[in-house]
Amino acid sequence: MNAAIYPGSFDPLTLGHLDVIKRASQMFDTLTVSVLDNKAKNALFSVEERVSILRRATEDLQNVTVDSFNGLLIDYAKQKDIHISVRGLRAITDFEYELQIAQTNRKLSNGKLDTVFLTTSLEYAYLSSSSVKEIASFNGDISQCVPDFVVELVYKKFNNIER
C-alpha cells in the first residue's frame, strides 16, 4: 500500500495546508495528516482542537485520516509503518529548512523515511499560519486564508467580535 504522512502544527489550518492535503490524497492510497504536539510552541489551538478541525476539513476525503503525535517523526512513521513524509514548500527559504529536516529524517531512519515536497499553489504562496494569527490578532479579515468554519474559531481565540 502506498501511504504517506503529512505532519505539521496546523495552528491554524490554512487553505494552503488544505491544498497540499487534497493534492497528496490524490497521490497516495492513504494519507495520514498528523498534528505535532510540540510543547515548545505556544499554540493557539490545542492538539485536540486541531485534530477536530482537520477531521472536519477533510471529511470528504475518504483516504485521509487525522492523528497526532509527539516526539520524532521517524519514530511515529516507524510505528505507523509509513515510509513517506509530505511537506509543502512556499518559497526557497522553506526549501532550505525542509531539505535539512528531510535529510536528517532519512539519515536517522536509516533510509526508511523519504520526503516528498509539494510546491504550494500560487494562490496560497503568501500564506502561513503565523500570518493568519497576526492578521486575526488585529481583527483583520482572514476569510481568504482559512476554511470558512475556521474563521470564527480563530476570532474566538482572540476574543474578537464575530464577523
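1. In this predicted model, Val 86 has Val 116 of β5 as its bridge partner. The two strands concerned, β4 (residues 84–89) and β5 (residues 114–119), run parallel and are joined by six bridges, and together with helix α4 (residues 92–108) they make a β-α-β unit that is right-handed.

2. Val 86 also belongs to the largest nonpolar core, which has 37 residues, and is listed with Tyr 6, Ile 21, Leu 31, Val 33, Leu 54 and Ile 142 among those with the most contacts inside that core. At least two residues of this core come from each of β1 (3–8), α1 (15–27), β2 (30–36), α2 (47–57), β3 (64–69), α5 (129–137) and α6 (148–157). Another core, of nine residues, lies apart from it and includes Leu 73, Ala 77, Ile 82 and Leu 113.

3. Val 33 deserves a separate look: leaving aside residues up to four places away in sequence, Val 33 touches Tyr 6, Phe 10, Ile 21, Leu 54, Val 64, Thr 65, Val 66 and Asp 67.

4. As for the strand β2, five of its seven residues are buried, so β2 is largely enclosed by the rest of the structure. On one side of the pairing scheme, β2 runs parallel to β1, with six bridges between them, and Pro 7 has Ser 34 of β2 as its bridge partner.

5. With α2, the strands β2 and β3 make a β-α-β unit, which is right-handed.

6. Turning to the chain as a whole, there are six helices and five strands, and their order along the sequence follows the pattern β-α-β-α-β-α-β-α-β-α-α. The chain is as compact as a globular protein of its length, because its radius of gyration of 16 Å is close to the 15 Å that the globule rule gives for 163 residues. The C-alpha trace spans about 50 × 30 × 30 Å along its principal axes.

Technical notes. Residues numbered from 1 in each chain as written. Predicted model: local features only at pLDDT ≥ 70, side-chain atom pairs only at ≥ 80, totals over all residues. Heavy atoms only, no water. Pairing = 2+ DSSP bridges. Helix = DSSP H or I, 4+ residues; strand = E, 2+ residues; numbered from the N terminus. Right-handed = clockwise from strand over helix to strand, strands pointing away. Core = buried A, V, L, I, M, F, W, Y, C linked by side-chain atoms within 4.5 Å. Buried < 20%, exposed > 50% of the residue type's maximum accessible area, 1.4 Å probe, protein only. Contact = heavy atoms within 4.5 Å. Rg over C-alpha atoms; globule rule 2.2 N^0.38 Å.
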